[in-house]
Amino acid sequence: MATAVIGGTTPAKVKKSDLGASKLYEIIFIIKSTLADDEVLKTIDKVRATVERGNGEIVLVENMGRKKLAYEVKKEKKGVYILMHFKGKGNLVFDIERTCRLEETIIKFITVLVNPLNVRSVKPILESAMPIV
């Protein structure tokens, strides 16, 4: 069963049997473009800290840059797109989404479970991005 959440409006669908297994997830969140670069990094660090507190492992964090939004979201026309891949248990997704909902600088987010059969499609993204140090 896939996990898909758009902006935190719909609860994630996770099987009870999946809560014990560590799986690969992808989250893309959009941060207000009016923030300075150091404030953007602080927001990324808050999400990263949530993953680490939940015994998750961050595989990738990629700042995709400031881009124009397709439509206005919370009176914002531009945003900073952040892509993060992490490994963790299903209950970690709930904690990360809670952090994204409570963080005022994040205007939109989506979390998806990466299908193990489609790992080949994920590899080019991982190879083109800078690893976390």
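# Close-up views

View 1. At 43% relative accessibility, Lys46 is partly exposed (from 20% to 50%, with buried being under 20% and exposed over 50%, using a 1.4 Å probe on protein chains only). This is a predicted model, so local features need pLDDT of at least 70 and side-chain atom pairs pLDDT 80 or more, while totals for chains, interfaces and linings use all residues. Residues are numbered from 1 along each chain as its sequence is written, and side-chain values use heavy atoms, leaving out hydrogens and water. The partner of Lys46 here is Glu103: the two side chains meet in a salt bridge, N to O, at 3.2 Å (the cut-off is a side-chain nitrogen of Lys or Arg within 4 Å of a carboxyl oxygen of Asp or Glu). Glu103 sits in the loop between helix H2 (90-102) and strand E5 (106-113), and Lys46 in helix H1, so the pair ties together parts 57 residues apart in sequence.

**View 2. Asp37 and Arg66, another salt bridge.** A search of the whole structure turns up two salt bridges. Besides Glu103 with Lys46, Asp37 pairs up with Arg66, with 3.2 Å between the closest N and O atoms. These two also come from distant parts of the chain: Asp37 belongs to helix H1 and Arg66 to strand E3, 29 residues apart. Asp37 is exposed, with a relative accessible area of 54%, while Arg66, at 43%, is partly exposed. As a reminder, side chains of opposite charge can pair when their charged atoms come close.

View 3. H1 supplies the largest share, six residues. By type, the lining splits into five nonpolar, two polar and four charged residues (nonpolar: Ala, Val, Leu, Ile, Met, Phe, Trp, Tyr, Cys, Pro; charged: Asp, Glu, Lys, Arg; polar: the others, including Gly).

**View 4. Glu26, buried and without a salt bridge.** Glu26 belongs to strand E2 (residues 23-32). Though buried, Glu26 has no salt bridge, and the nearest side chain of opposite charge, Lys67, is 13 Å off (Lys and Arg count as positive, Asp and Glu as negative; His and the chain ends are left out). What Glu26 does have is a side-chain polar contact with the side chain of His85, at 2.9 Å (an N or O pair within 3.5 Å; within protein, one atom must be able to donate a hydrogen and the other to accept it, and sequence neighbours count only if both atoms are side-chain atoms). His85 lies in strand E4 and is buried too, at 0% relative accessibility. The C-alpha atoms of His85 and Leu60 are 5.0 Å apart, though 25 residues separate them along the chain.

**View 5. Two loop residues with positive phi.** Asn55, in the loop between H1 and E3, has a phi near 60°, a positive value in a residue other than glycine. Lys75, in the loop between E3 and strand E4 (76-88), isn't a glycine either, yet its phi is positive at about 65°. Asn55 is exposed at 72% relative accessible area, and Lys75 is exposed at 75%.

View 6. Ile107 is part of strand E5 and is buried at 6% relative accessibility. Ile107 and Lys74 lie 33 residues apart in sequence but 6.8 Å apart in space, C-alpha to C-alpha. Zooming out, the chain has three helices and five strands (DSSP runs numbered from the N terminus: helices are H or I, at least four residues; strands are E, at least two). From the N terminus, the order is β-β-α-β-β-α-β-α. Of the 133 residues in the chain, 41% are buried.
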